[in-house]
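Please read them with the structure open beside you.

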Amino acid sequence: MSFLRRTLIAAASVAVLSASFAAVAQDIKPRLIRFGYGLNEQSNQGRAAKVFADEVAKLSGGKMKVRAIGAAALGPDNQMQQALIGGAQEMMVGSTATLVGITKEMALWDTPFLISNTKEADAMLDGPIGDKVRNKLPEKGLVGLVYWENGFRNLTNSKRAITKMEDMNGIKLRVMQNNVFLSSFQTLGANAIPLAFSELFSALETKTVDGQENPFNTILSSKFYEVQKYMTVTNHVYSPWIVTASKKWWGQLSKDEQKVLMDAARVSRDFERKDTRDEAAKAMADLKTKGMMINELSPAESARMRDKLTKVYATVAADVGMDLWNEAQAELKKIRGGK
Ligand code: TK8
């Protein structure tokens, strides 16, 4: 090939390329998606948010760009939910428990001891009941994409080891801003105080509250071991997180863009659950190394607490509606029966 010919071809392809880039720059500037979350970047939530951002960039060929913003820099869960509903923020991930004020059916996931292992959790959340609850969001201005795992919750406090229910008496225990959690811990005898997660560390540090409850992963990533001496393994409830989008904003996206987000959300979910479970399996040993005193409840005490907590079942059933409650129980039976 002659030099002239090669130069001409090169010049032509540069022209074609720059023309198409110009089109991209004019018509399709990368959509910027603010994806807020409450934990820090080094948490399981932060790692999965990054996976979601990377996957969206990959699947959209760089046309959609997710900015993951952690540590409640865009506000605590409740505030971000309102920003999504109003269309001022595009996406977030947070506790289903903080959504109950908006979508009452979410309270199903707050039921103590509803779910007893991760296999049941995945089957419930990704199955018809999870879909039914998630599909209640659009009428409130939100779109629910997937559930991530927050995990089984355990108790920590700075006062004493909890070996029996009476040890909870008088413990100022931070709970999520949610009635089921509030009445569950009141029932157990604690002085339950609802508070946003973003204020929790300093409340523990200043002893405004004595204790809190969260999964191993969060106790580790939020460094609660620095301000909490005792941990009691209770596994009292399986807590999901849910990835949501502003419905106002979602409605302006093309079908292809919605598909990119949905596919990326599923990839992030699968990553997040595995990552969280791997970390949780090692977390107890890590927390011991950090100086926490960890105890497990005796089977008898565990049964007593469980028995007390089942008293809130009637409240949950009334809140979410008897139909959904019964369907959820039937679905669990089916899952447990292995059918
Ligand atoms: C993070 C919260 C957190 C939850 C809580 O924003 O508030 O205790 O477990 O994960 O959603």
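1. Helix α2 passes helix α10 in a right-handed crossing. This is a predicted model, and the points below should be read with that in mind. The axes of α2 and α10 lie 8 Å apart, at an angle of about 150 degrees. Angles over 145 degrees count as roughly antiparallel, and α2 and α10 are therefore roughly antiparallel to each other.

2. On the α2 side the contact is made by N44, R47, A48, V51, F52, E55, V56 and L59. On the α10 side, the residues include V260, L261, A264, F271, E272 and E279. Sorted by kind, the residues of the contact of α2 with α10 divide into 11 nonpolar, 3 polar and 6 charged.

3. E55, one of the α2 residues in that contact, also forms a salt bridge with K58. The closest N and O atoms of E55 and K58 are 3.7 Å apart. Both residues lie in α2, 3 residues apart, which is about one turn of the helix. The structure holds 24 salt bridges.

4. Next, the sheet. What is the order of its strands? The order is β2-β1-β3-β10-β4, in an open sheet of 5 strands with mixed pairing. The edge strands are β2 (64-69) and β4 (142-152), each of which pairs on one side only. On average, neighbouring strands of this sheet are turned by 20 degrees against each other, direction ignored.

5. Strand β1 (residues 31-36) and strand β3 (residues 91-95) pair in the parallel sense over 2 bridges. F35 stands opposite M91 in β3. Helix α3 (residues 77-86) packs on the sheet and touches β1, β3, β4 and β10. The direction of α3 makes about 145 degrees with that of β3.

6. Helix α2 belongs in this picture too. Residues 44-59 form α2, which lies across β1, β2, β3, β4 and β10 (238-246). The helix runs at about 170 degrees to β2.

7. A88 is found in the loop between α3 and β3. Leaving aside residues up to four places away in sequence, A88 touches R34 and A83. The C-alpha atoms of A88 and F197 are separated by 22 Å, and these two residues are 109 apart along the chain.

8. Helix α10 (residues 255-289) also packs with helix α4 (residues 118-126), at an angle of about 160 degrees and with the axes 13 Å apart. The two helices are therefore roughly antiparallel to each other. Helix α4 passes α10 in a right-handed crossing. T118, D122, L125 and D126 in α4 meet R269, R273 and R277 in α10. These contact residues divide into 1 nonpolar, 1 polar and 5 charged.

9. Helix α12 (residues 313-320) and helix α13 (residues 322-336) pack at an angle of about 120 degrees, with their axes 6 Å apart.

Note on methods:
Residues are numbered from 1 along each chain as its sequence is written. This is a predicted model: local features need pLDDT of at least 70, side-chain atom pairs count only at pLDDT 80 or more; totals for chains, interfaces and linings use all residues. Side-chain values use heavy atoms; hydrogens and water are left out. Axes are lines fitted to C-alpha atoms, for helices over the stretch in contact, and angles run from 0 to 180 degrees between N-to-C directions. Helices (H or I, at least four residues) and strands (E, at least two) are DSSP runs, numbered from the N terminus. Angles under 35 degrees count as roughly parallel, over 145 as roughly antiparallel, 65 to 115 as roughly perpendicular and the rest as oblique. A crossing is left-handed if the near helix is turned anticlockwise from the far one by less than a right angle, and right-handed if clockwise. Contact means heavy atoms within 4.5 Å. Ala, Val, Leu, Ile, Met, Phe, Trp, Tyr, Cys and Pro count as nonpolar, Asp, Glu, Lys and Arg as charged, and the others, Gly among them, as polar. Two strands pair if DSSP finds at least two bridges between them. A salt bridge is a side-chain nitrogen of Lys or Arg within 4 Å of a carboxyl oxygen of Asp or Glu.
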